[in-house]
Amino acid sequence: MSALKERLRADLTTALKAREALTVSTIRLALGAISTAEVAGTEARELSDEEVLEILTKEAKKRRESAAAFEEGGRPEMAQKEREEAAILAVYLPEALGQEEITAIVTAAIEQTGAAGQGLKAMGRVMGLVQPQVKGRADGGVVAAEVKRQLGA
């Protein structure tokens, strides 16, 4: 079993004993998503830590998007609950990159690919180089916006 999944299970037990309802429900939803991914496909299998991390990243992104939607819909109490769930999941994710770090990574990738001055037609090459470096640590939309900005679009 992956170490991250094992940590989730241990934290679930701790949260159950402490009667932390929001933490319990959030971890249960995350473990449910992991279990669903494990049995998807032709045969059941154990997920690696990297695959579990991908699922947790997607779950956290869902919470952030839901919070924004609830906020726009005039439901601040639901938006707050979604933000709290995202914060619980963030504990299991690697530290997010700051804007300066994203800018530096994109700048280095543009120099490495020689894409400066080529405009948006070079975006695919640059993103292909940047994505593995920021995976799970930065939102893809933020990274793509920075690449577009630096490529002059």
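Guide: One term to begin with: a residue is called buried under 20% relative accessible area, exposed over 50%, and partly exposed in between, using a 1.4 Å probe and protein chains only. This is a predicted model, where local features need pLDDT of at least 70 and side-chain atom pairs count only at pLDDT 80 or more, while totals for chains, interfaces and linings use all residues. Residues are numbered from 1 along each chain as its sequence is written, and side-chain values use heavy atoms, with hydrogens and water left out.

Visitor: Okay, how much of the chain counts as buried?
Guide: Of its 153 residues, 33% do.

Visitor: And how many helices and strands are there?
Guide: Seven helices and zero strands. Helices (H or I, at least four residues) and strands (E, at least two) are DSSP runs, numbered from the N terminus.

Visitor: What size of box do the C-alpha atoms fill?
Guide: Roughly 60 × 45 × 30 Å, taken along the principal axes.

Visitor: Let's pick a helix. Which residues of H7 are buried?
Guide: Val143, Ala144, Glu146, Val147 and Leu151. Seen down the axis of H7, they fall within an arc of 160 degrees, so they line one face of the helix. That arc is taken from the directions from the helix axis to the C-beta atoms.

Visitor: What do they pack against?
Guide: Helix H5 (99–113) and helix H6 (123–134). Contact here means heavy atoms within 4.5 Å.

Visitor: Why does the length of H7 agree with what it should span?
Guide: H7 covers residues 140–151, and at 1.5 Å a residue its 12 residues should span 16 Å; the end C-alpha atoms are 16 Å apart, so the two agree. The expected span is 1.5 Å times one less than the number of residues.

Visitor: What about H6, which residues are buried there?
Guide: Met123, Val126, Met127, Val130 and Val134. They fall within an arc of 95 degrees seen down the axis of H6, so they line one face of it. The face turned away from that buried side carries the exposed residues Gly124 and Pro132. H5 and H7 are among what covers the buried residues of H6.

Visitor: Switching topic: what's the volume of the largest pocket?
Guide: About 560 Å³. On a 1 Å grid over the protein atoms alone, a pocket is an open set of points where a 1.4 Å probe fits, with protein on both sides within 12 Å along at least five of seven lines; lining residues have an atom within 4 Å of a point. Grid points are joined across faces, edges and corners, and the volume is the space filled by probe spheres set on the points.

Visitor: Which residues lie nearest its centre?
Guide: Of the 24 lining residues, Thr57, Gly136, Arg137, Ala138 and Asp139 do. The largest share of the lining, eight residues, comes from H3.

Visitor: Last one: is isoleucine 34 buried or exposed?
Guide: Buried, with a relative accessible area of 0%. Isoleucine 34 sits in helix H2 (residues 21–39). Not counting residues up to four places away in sequence, isoleucine 34 touches Lys5, Leu8, Leu47, Val52 and Ile55.
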